[in-house]
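Subject: Structure for you to look at

Hello,

Here is the structure I promised to pass on. Please open it alongside this note. My findings follow below.

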Amino acid sequence: MKCPSCKAAVPEGAVECPSCGVIFAKFEERRRRERAEAERALAEMNLAPPPTVHPYLGRVIAGVVLTAWAAVMGYLVFEEMLLQRARKAAAAAAPAPIPVIMSAPIVSRIQPAPPVAVPVASTAAAKGGKAADGAGEEASPLPPRFRAAAH
Ligand SMILES: [Zn+2]
């Protein structure tokens, strides 16, 4: 057989190499352990994601930014729609001629009625004196309790 370390010819069944002094059992065990460690390190390199940057971090950020932008734009469009609808409603609910039409009867209704014949009757009663008081009373449209004030 050959020494696995120094490749020197070794007699069969030898425990250690007479050339380099390596113990075959320990050498084989160390080589197996090193190979296992190398395989484990290789598997970790292939399987584990890079620890510094998350692979989906950029996509997550882009998604958040796009969602926020879409929300803001949607809100602005919705607000503009509401504003236009409110403007249309206000334009439809504010017809100009209605106040003009309404104002005429209101004004005529609140205008005081022309004064009744109270001054005429009172002056006639004053001219007629006490003798014409009875006729003045019949001509006066005021109720009796206001006639004294009218004199
Ligand atoms: Zn050897």
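In which segment is Ile23 found? Ile23 sits in the segment before α1, a helix that runs over 24-47. Please keep in mind that this is a predicted model.

Which residues does Ile23 touch, once its neighbours within four places in sequence are left aside? The contacts are with Val15 and Glu16. There is also a distance to Ser5 to note. Ser5 is 18 residues away from Ile23 along the chain. Their C-alpha atoms are separated by 9.7 Å.

Now to Lys7. This residue also belongs to the segment before α1. Lys7 has a positive phi of about 60°, yet it is not a glycine. Most residues other than glycine have a negative phi. Lys7 is exposed, because 11 other C-beta atoms lie within 10 Å and the cut-off for exposed is 12 or fewer.

Last, the chain as a whole. The secondary structure comes to 6 helices and 0 strands. Along the sequence the pattern reads α-α-α-α-α-α. Of the 151 residues in the chain, 4% are buried. Among contacts with a separation of 6 or more, 12% come from residues 24 or more positions apart.

Best wishes

Notes. Residues are numbered from 1 along each chain as its sequence is written. This is a predicted model: local features need pLDDT of at least 70, side-chain atom pairs count only at pLDDT 80 or more; totals for chains, interfaces and linings use all residues. Helices (H or I, at least four residues) and strands (E, at least two) are DSSP runs, numbered from the N terminus. Two residues are in contact if their C-beta atoms, placed from the backbone, lie within 7 Å. A residue is buried if 20 or more other C-beta atoms lie within 10 Å of its own, exposed if 12 or fewer, and partly exposed in between; C-beta atoms are placed from the backbone.
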